[in-house]
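Reader: I am new to this structure and would like to learn how to read its features. Please take them one at a time.

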Amino acid sequence: MINQITLSDIFMVLGFSLSLYACVSNDVIQTLGTFLSTTREKPAWLIWLFASAVLVLTFVWGWYVDDGDMAFGRLDRIPFAEHFYWWHILPPVILIFLTKKGIPVATAFLILSIFSSGTVISLMLAKSFLGYVMAFTISIVLYFIISRPLEKKFLYTKGKPISKWWYVTKWSATAYLWSMWLMQDAANLYVYLPRKLDFAQMITTLAIFVTFLGWIVYKRGGEIQNIVKLKTNTQDIRSATIIDVTYASILLYFQNVNNIPMSTTWVFLGLLAGREIAMYNRLRFETQKKVYKHVAKDFTKALIGLIVSMVVVCLINHFDVIIKIMHVYLHLD
């Protein structure tokens, strides 16, 4: 006998689909952002096939090695919800709205916190802020060293023919970063689904993922892509390659620290902030006011996204209490 589809099942599937689209739309800047900027002359279908191939290989390998777990162990401390309600789909809906406004939201907090305990949320916050500080520090040191011998050369040779070796390296770096991000953010993508999926379920979710990815690549990242475009020389394939390898290596490190999910957005913004400050101090390519304005603007946007995420989660987690309070005040008699 076929199991009857319940309203909870519908909200579960809808939550997964919306979360998948929302997270990739918001976070694509971190992974495919520089790739999209440096491959403007390439057809969208080629970029889509490349990104889809890396995606499928990463998740199929993870599913096989982890015995059906699509989240690479990131959801071990976050239990699967027994029932889903309409308010469970609010976080991804709000995330889609904020992405349209170009705000880089910490998707891990907005999506995962409604299913997590206070302890897990605190650990996520601590790990994410540590990620920002670590990425910021590594970026400042790295670009203080390489700005003059490398980045200065890239700036002065902009528009001139580039060795084919850089193109091979860039595509390889993108595959490295894209796979690292998928492993780190898999928790945000699969938190709405059971912790173990069979083969058919795995294929179905990947088909949905690939479809959404095609739309995002077609739009070339959308509004939030401007955060990458405004940074110094990020559309140069050589500079973009260095960014990708550095960022992916930091994510790889945090994957081996523990299985607590974290905000990759904060790591990425910390990396860009350190890069801009170091390059300004070494090359003086912009005015000090403009450099620090961009850094502060990105940090403020991320902070606003975090605050909105926490407010939304608080309202959802205390929804029943809020309803009771409203009922009392509306029925004073």
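**Reading the model**

Author: Of the 333 residues in the protein, buried residues make up 53%. Buried means under 20% relative accessible area, exposed means over 50%, and partly exposed lies in between, with a 1.4 Å probe and protein chains only. The model is predicted, so local features need pLDDT of at least 70 and side-chain atom pairs count only at pLDDT 80 or more, while totals for chains, interfaces and linings use all residues. Residues are numbered from 1 along each chain as its sequence is written, and side-chain values use heavy atoms, with hydrogens and water left out.

Reader: How many helices and strands does the protein have?

Author: Helices (H or I, at least four residues) and strands (E, at least two) are DSSP runs, numbered from the N terminus. The secondary structure here comes to 13 helices and 0 strands.

Reader: How do I read a pair of aromatic rings?

Author: Such a pair is described by the distance of the centres and the angle of the planes. Rings of Phe, Tyr and Trp (its six-membered ring) pair if their centres lie within 6.5 Å; planes under 30 degrees apart count as stacked, over 60 as edge-to-face and the rest as tilted. A search of the whole structure finds 22 aromatic pairs. One of these is the tilted pair of Phe-16 and Tyr-190, at 5.5 Å centre to centre and 45° between the planes. Phe-16 lies in helix H1 (residues 7-31) and Tyr-190 in helix H7 (residues 164-190), so this pair ties together parts 174 residues apart in sequence.

Reader: Are Phe-16 and Tyr-190 buried or exposed?

Author: Phe-16 is buried, with a relative accessible area of 2%. Tyr-190 is buried as well, with a relative accessible area of 2%. Another pair is edge-to-face, because the ring centres of Phe-115 and Tyr-192 are 5.2 Å apart and the planes are at 85°. Phe-115 lies in the loop between helix H5 (107-112) and helix H6 (118-156), and Tyr-192 in the loop between H7 and helix H8 (199-218), so the pair ties together parts that are 77 residues apart in sequence. Phe-115 is buried at 10% relative accessible area, and Tyr-192 is buried at 0%.

Reader: Which residues do ring pairs link into a cluster?

Author: The cluster holds Phe-16, Phe-59, Trp-61, Phe-72, Tyr-190 and Phe-209. Thr-205, in helix H8, is in contact with two of these residues, Phe-16 and Tyr-190, and also with Leu-20, Met-70, Leu-193 and Leu-197, leaving aside neighbours within four places in sequence. Thr-205 counts as buried at 5% relative accessibility.

Reader: How do I read two helices that pass each other?

Author: Axes are lines fitted to C-alpha atoms, for helices over the stretch in contact, and angles run from 0 to 180 degrees between N-to-C directions. The axes of H7 and helix H10 (residues 237-255) come within 8 Å and cross at roughly 30°. H7 and H10 are therefore roughly parallel to each other (angles under 35 degrees count as roughly parallel, over 145 as roughly antiparallel, 65 to 115 as roughly perpendicular and the rest as oblique).

Reader: Where does Gln-184 lie, and which residues does Gln-184 touch?

Author: Gln-184 lies in helix H7 and is buried at 1% relative accessibility. Not counting residues up to four places away in sequence, Gln-184 touches several residues, among them Arg-74, Lys-127, Leu-251, Phe-254 and Gln-255.

Terms used
Contact means heavy atoms within 4.5 Å.
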